[in-house]
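Subject: Structure handover

Hello,

Please find the structure below. My notes on salt bridges and on one helix pair follow it.

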Amino acid sequence: MNNNSENPIGVFDSGLGGLTVVKELIHHLPNERIVYFGDTARVPYGTKSGETIIRYSREIVTALLKHKVKIVVVACNTASSLALEVLKNEFDVPVLGVIEPGARKAMEVTRNKRVGIIATSSTVKSGKYAKKILQLDKDIIVTSQPCPLFVPLVEEGWFDHAVTYQVAQQYLAEMKKKKVDTLILGCTHYPLLKQVLHNVMGSKVQLVDSAQEVALQVKQVLSKKQLLRTRLGPGQHTFIVTDEPKQFQRLASRFLGGGVKNVRRHVYV
C-alpha cells in the first residue's frame, strides 16, 4: 500500500459547478476524502484572459497542496482549456482535466456525427474541445456556442427558472438548426441545468456530462498508482471558498443532497 493513499483528492472550480464532479467522485469512490476549492470570489472564469486563468489556477493548486492532495482534478472547463498543460508541467501530483473525457464520450455516443459544444466564451475561444473531437474522429461536424449567462444563473440557484429557459432557447437555436444529436456540457456548472437543456433540445439529444467520465478516469489513475484509499467508510470532505460560505453551503447542500459541513473561507494574501 502506498502511504499517500490516505491523502485526499483535490478538486477545484471557479465556483460551485465543480460539485458535479464531486458528486460523481463520491458515487464512484465512496471511501475517498475530497478537498474542494471553489473560487467563488472570482467567478466566472469564462470571460477572463488566459494569463489570468493560469495565475488563478496556480494559486489554487498551491493552496490544495497544503492539504497534501494526492491528485488534482481541474473541474473547470475554462481552466482545463487554458491552464492544464502548465499545471501538469509545474506540479508533482497527477493533474486531470475535464475536456478529453467529455470529447471521447461524445465521439462514442453520437449517431449522426453532429456534436454541439456549449461552454464559456474562453473555452469556446480556446477551441480545445473541437480540436480533441476532430483528433478522435475527423468526420464529426462540431458546432460551438458560448453561453456566458448560464454560470451566473446556476450560481444564483435558478436551475429551473423561466428566465433560464428563455436564455437557453436563444443559445441553443443554432444547435437545433444544425440537428446536433449530442451536446457536450462544456462547463461543470451546466449539468445543474440538465432539465432545462433536455426540455429545450428534446429527449432524443444526448447530453454529455464530463463529470462522470472524469470520476472514472480518477479511479483508474489512483488504482494504477496504488493510491486508492483502503480504509473503508465514507471520507470527510472539506470545502474551501473564496467568498461568503453561506450561499455556497446552501446551494451545495441542495445539490449534493445533504448537509454540507466543513465549509471554510480562503483569504488571498
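A salt bridge here is a side-chain nitrogen of Lys or Arg within 4 Å of a carboxyl oxygen of Asp or Glu. This is a predicted model, in which local features need pLDDT of at least 70 and side-chain atom pairs count only at pLDDT 80 or more, while totals for chains, interfaces and linings use all residues. Residues are numbered from 1 along each chain as its sequence is written, and side-chain values use heavy atoms, with hydrogens and water left out.

Salt bridges

The structure holds 14 salt bridges. In one of them, the side chains of glutamate 6 and arginine 229 meet at 3.1 Å, N to O. This pair links distant parts of the chain, 223 residues apart: glutamate 6 is in the segment before strand 1 (9–13), and arginine 229 is in the loop between helix 11 (210–224) and strand 9 (238–241). Helices (H or I, at least four residues) and strands (E, at least two) are DSSP runs, numbered from the N terminus. Both glutamate 6 and arginine 229 are buried; buried means under 20% relative accessible area, exposed over 50%, and partly exposed in between (1.4 Å probe, protein chains only).

Lysine 70 and glutamate 32 form another salt bridge, at 2.7 Å from N to O. Lysine 70 lies in the loop between helix 2 (50–65) and strand 3 (71–74), and glutamate 32 in the loop between helix 1 (19–28) and strand 2 (34–38), so the pair ties together parts 38 residues apart in sequence. Lysine 70 and glutamate 32 are both buried.

Glutamate 174 and lysine 177 also form a salt bridge, with the closest N and O atoms 3.8 Å apart. Both lie in helix 9 (residues 162–177), 3 residues apart, which is about one turn of the helix. Glutamate 174 is partly exposed, at 30% relative accessible area, and lysine 177 is exposed, at 64%.

Helix 1 and helix 11

Two packed helices are described by the angle and the distance between their axes. The axes of helix 1 and helix 11 come within 8 Å and cross at roughly 50 degrees. Axes are lines fitted to C-alpha atoms, for helices over the stretch in contact, and angles run from 0 to 180 degrees between N-to-C directions. Contact means heavy atoms within 4.5 Å. Among the residues that make the contact are Val21 and Leu25 of helix 1 and Val214 and Val218 of helix 11.

Regards
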